[in-house]
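Hi there,

Here is the structure I promised to pass on. Have a look at it first, and my notes follow below.

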Amino acid sequence: MVNGDSIQQVILVQVNPGETFTITTEDGHIQCIQGPAHVPMMSPNGSMPPIFVPPGYVSQVVEENGVRKVVVLPHSAEFHPSMHPPPPPPHVPHYMHHHHALLPHPPHPVYPPVPGTGELPPQFIHQHPPPHVFQEQEPRSHGRTNFIQRDERSLKMQEHLKKRLKDRQASGHTNNKLNSPPSSPHKVVNSSNATIQNGNGKGQQGAGGPLKQKQIGKTKGSPDAEMGESDTESKKCDIHLSIGKPVVSDIQARSAVLSWNLPVSSQNGESHSHSPAAFTFEVAISNSGKNGKFKSVYVGEELTVTLPDLRPATDYHARVSATSSSIKESISELVSFTTESCEPDCPAAPKLIYRTKNSLSLQWKVSIPVQKVTQLVLTFLKGKNGPFKECYYGHLKQYKLTKLSPSTKYSLRLAAKNDIGMSGFSETVTYYTAGIVPPAPSPPVLVEAGVSWLSVKWNPPNGVSSDDSLTYSLDMEEEGSGYGFQPQYNGDELSCTLRNLRRSTSYKFRLFAYNSEGKSSPSEVVEHSTNPDKPGPPSKPTVKGKIHSHSVKVTWEPPKDNGGSDISKYFLEISETSVGNKWDTIYSGSQREHVCDHLKPGTTYRMRVYCVSKGGESQASDVMTVTTSAVPPGPCHAPCLAGKAKPKEITLQWGPPSVDGGSDITEYIIEMANSEQDDRRQVYQGPASECVVNNLLPGRTYCFWIRAANKVGFGPHSDKAEISTAPGPPDQCCKPLIACKSATCAVVSWESPACNGAEISEYRLDWGQVEGSMHIIYTGPCQSYEVRGLTPATTYYCRVQAVNVAGVGLFGETGVVTTPASAPAAVSVLHLLEEDQMEISLPLSTCLAIQWEEPCCHGSEITGYNIEYGEKQLVTVGRNTSYVFENLLPDTLYRIRIQAINSFGVGPFSHSIKAKTKPLPPDPPHLECVVFSYQSLKLKWGEGPSRALITNPTQFNLQMEDRFGRFVTVYNGPCHTYKVQRLSESTTYYFKIQAYNDAGEGGFSEVYAFTTTKSPPASLKAPKANQLEENTYEITWEPLQPMKGDSIVYILQLAAGREFDQVYKGPETSFRLTSLQTNCEYRIRVCAGRQSQDSSGSQELYGPYSPSTVFSSQKQELVPPCADLTTELAETKKTLREERFIAIVLLCGFAVVAILFAVVIQYFVIK
């Protein structure tokens, strides 16, 4: 209980972990707060609220330094929250509701201290939920936001609390509260002298909000170092300086934020504020209580500083001093806080105390008191690889690891754990179990040898377990070095590669095995040798003796460096210069000279040598170039014919000889003779590979030879080539003989010309009607040909040429013949004349007109034509080119063809054409009126659909008489119905109709007369109901004018339920309703009727009913005159709404039905 002497009291209630604190607010609501939490509450009247504690607990009031504290403790005086398990939540019937509303806590809510409350034990300063004020409850909002950024309601509440606290401070503090954050009470539960070793459950002191962490000043040291008292100097000045108590916020395990307000100076009772630059602030902290040594950790001008390097779960006291050049130093009140708990630090690695073959005894030290280590975890790893396994979990500081393997390596590490979490593992240490000295290993085995390296491997000694950790030492002695064995390798691997050795040298090896107990005996000494190196290249080969055309003798010297071993074989390679980089081996052996034979004359060769020893193959020597001597070229192939032989010349071609003798070919000589026994004569000499031999006879065989020459001389003759000249084409044919067998057939014959050395294979006959434009009509070996299909009375030209294997001879002279006259040709063009092509109009139903072109007369003038039509009916006409068939049957198909006539007879019939007469024009249909109306008439005629069909060929022309007595067309189309609109009522109209199709227009029908009906009266407006007396109403409605002399009568209907009853019929426009029931609703409606006289008697035609008017019969009261009008208007609107609703429902119903029909048609018909 803070400041108990004042009327207003602030109570800070601590709720331990596992406990529930229940309060009843002023409005009767019950709120439950789960621990751990601190609940600040305010008692404006100074009364102590009743505190109900659970069984086994008591509440005590302790007063210390003028501050009273209410502490709830168990019966045992030694109770401490960190040493006992949390009790179950107490049952407090006066404060607890059966539905507990849990209050979540922010992770680090902070609050400013309440001035004048004294120091509170830091271990009991914990997280605060929003404070509760009973009797005069005022809600407060606490959080981590800065108090400057709070809402307006919270700021007003804080100002109110500050005024109350200022009024009750009897001692009087000089701190300026206007510049400090709003006050918040503390909760004190336990003594400040309690020692804390476990950081679990520790709270933190709140501040009004997180301040921006700055640390511009210099930090003088760490709080873990030795604390020292900070020195201050007194200023000799009459001005008194006061600084407010600092605020701690954002408390972490190893850091916290400390902030304070600017100090206020006072002189002669007046307060003065200063700028931050006028002061220097010094921050000092202590971790040994408020009376312990303080260490200065910051000096600077900032108002917020972050305290780093703090110990977790440790109580600290901090103070701030402000100094100025002209003002005496001022020291603030102490503020205490406790850092948060965290997981322990990494412990030191375990140490080995004692070992045996099967066990390791370990010991460790843990010096982390503030983090309260509860358990230790020890893990081990056997051998080199694999996961660590846990072998111990507890709080002891030593442990014996048993059931281990002898002479085995074990890796161990340690970790500490408390209620917050587990630390990291310590440094891994390695220990070996005790064992015996290993036996001598087997000697190393050679894996692979190189020129300067040896790779050896070995196996573990016999009788040693695979889990034993052994180290091996390999010693080596070089042959002839005199240094003895030298160590080359030391490790736990089972293989080793030794490098930088001498080539072709023998080395001796021995092996030792080590474990923790000592070194084994050496293995047997083995000897391994490095390989020899490759030899160097031999010397460049040289020529020994004379260079021949087909051979050369080559010699060389051995290499200067043989690589440490004797040369076993030499390889001589040769390559032609023209081939490129292709090398062929021509010798392999131990001799150092070789005769290279089978060479090509005049060819340049490259030669090189390499050698082979045990060390490998050497590089090739330098290349020697040598050229053999040239010889005359070899024989050429016999010349051959280039292309085709001609009758008087041939073209010869040849290729170079296969052997040029080592020198380029310079020229060729061609020799010819009629036979092999005749003398030869030279026909060509030159470097070309082709020549033409002229002045030869056709069809003769000649012999040819060829010789090639180079710079050495001519080579031998080639083989004989026999080549024949080609035969010549035949001579020109003579003039052919022509004899006409008929008007369309002639026989042509000719004589055979000279063949010119080759038999004639065929003849070609050229024929045509124009001498300069003839074409071949016959090709073959015969000497006559019969030409058919000629045109009578026509002149023809012809000529003949002969062909043999040599070619085609020239055409002979041209022969001429004229065929005799005959009957005319067939008519080629015959067609039917259309209606627009006729000069005069003809009835197409009974007439057809044809036209044709005159055919060829074949030498005799055409005198007439025979026309066949129908059932082979024949008509003969004169020399015309058109004809009209009359008196034909309508709508009948006819087949027509024609032939020409001259003095020699009739020609053949032309092709047939088909023509059809058109049907007769249609008769007019019967016209009738199917629907009569007062402004329209729907007419129908004929039999057929009401809508037009695309395939209907018949069209209709409907005409109506106008007011001037003329008939005008009102419809023209294929439909069989038509609705004539915009007519006058009770009027007679006259119509006639005509039908037409492709055959023509039919006649008009007789005149039909149809009369429109009389129009009904229009719909009236809703009638009006005016109450005259009780149960008496006067109904009125609008009048209508007489229609064309016809009088108007009205029908009034009344309905008390669903059915309407007629109550009046007559010419009046009003009616009085009496004897109506009281408090009953009625509906009335009215319609107009038209009375007319005609030949059939009196007739009445009624229009539609007006909208209904609804009224209720009530007792007559004094109502304003406008009441009836308002009621009538409301009823009219209601009636309109009902009718609109009915219309909308009907419209929606029709839409749904239409959609359903569309879906059915789409699914069943279209698909």
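Let me start with a question: is Cys740 buried, partly exposed or exposed? With a relative accessible area of 32%, Cys740 counts as partly exposed; buried means under 20% relative accessible area, exposed over 50%, and partly exposed in between (1.4 Å probe, protein chains only).

Before the rest, a word on the source. This is a predicted model, in which local features need pLDDT of at least 70 and side-chain atom pairs count only at pLDDT 80 or more, while totals for chains, interfaces and linings use all residues. Residues are numbered from 1 along each chain as its sequence is written, and side-chain values use heavy atoms, with hydrogens and water left out.

Cysteines

The structure holds zero disulfides, a disulfide being a pair of cysteine sulfur atoms within 2.5 Å. Cys740 is in no disulfide, and its nearest cysteine sulfur, that of Cys745, is 8.5 Å away. Cys596 is buried, at 2% relative accessibility.

Salt bridges

Side chains of opposite charge can pair when their charged atoms come close. Counting a side-chain nitrogen of Lys or Arg within 4 Å of a carboxyl oxygen of Asp or Glu as a salt bridge, the total comes to 27. One of them joins Glu573 and Arg608, with N to O at 2.7 Å. This pair links distant parts of the chain, since Glu573 sits in strand E36 (residues 569-576) and Arg608 in strand E39 (residues 604-613), 35 residues apart. (Helices, H or I of at least four residues, and strands, E of at least two, are DSSP runs numbered from the N terminus.) Glu573 is buried at 10% relative accessibility, whereas Arg608 is partly exposed at 21%.

Glu671 and Arg680 also meet in a salt bridge, at 3.9 Å from N to O. Here Glu671 is buried, at 17%, and Arg680 is partly exposed, at 41%.

Then there is Lys916 with Asp891, whose closest N and O atoms are 3.3 Å apart. Asp891 is partly exposed, at 43% relative accessibility.

Three bridges join E57 to strand E58 (residues 848-852), and Leu830 stands opposite Trp852 in E58.

Another open, antiparallel sheet has three strands in the order E42-E43-E46. Its edge strands are E42 (640-641) and E46 (690-693), each pairing on one side only. Four bridges join E43 (residues 650-653) to E46, where Glu690 is the bridge partner of Gln653.

A loop residue

Finally, Thr954 sits in the loop between strand E66 (937-941) and strand E67 (955-961). Thr954 is buried, at 19% relative accessibility. Leaving aside neighbours within four places in sequence, Thr954 is in contact (heavy atoms within 4.5 Å) with Pro922, Pro974, Ala995, Tyr996 and Asn997.

Best wishes

Definitions and conventions. Pairing = 2+ DSSP bridges.
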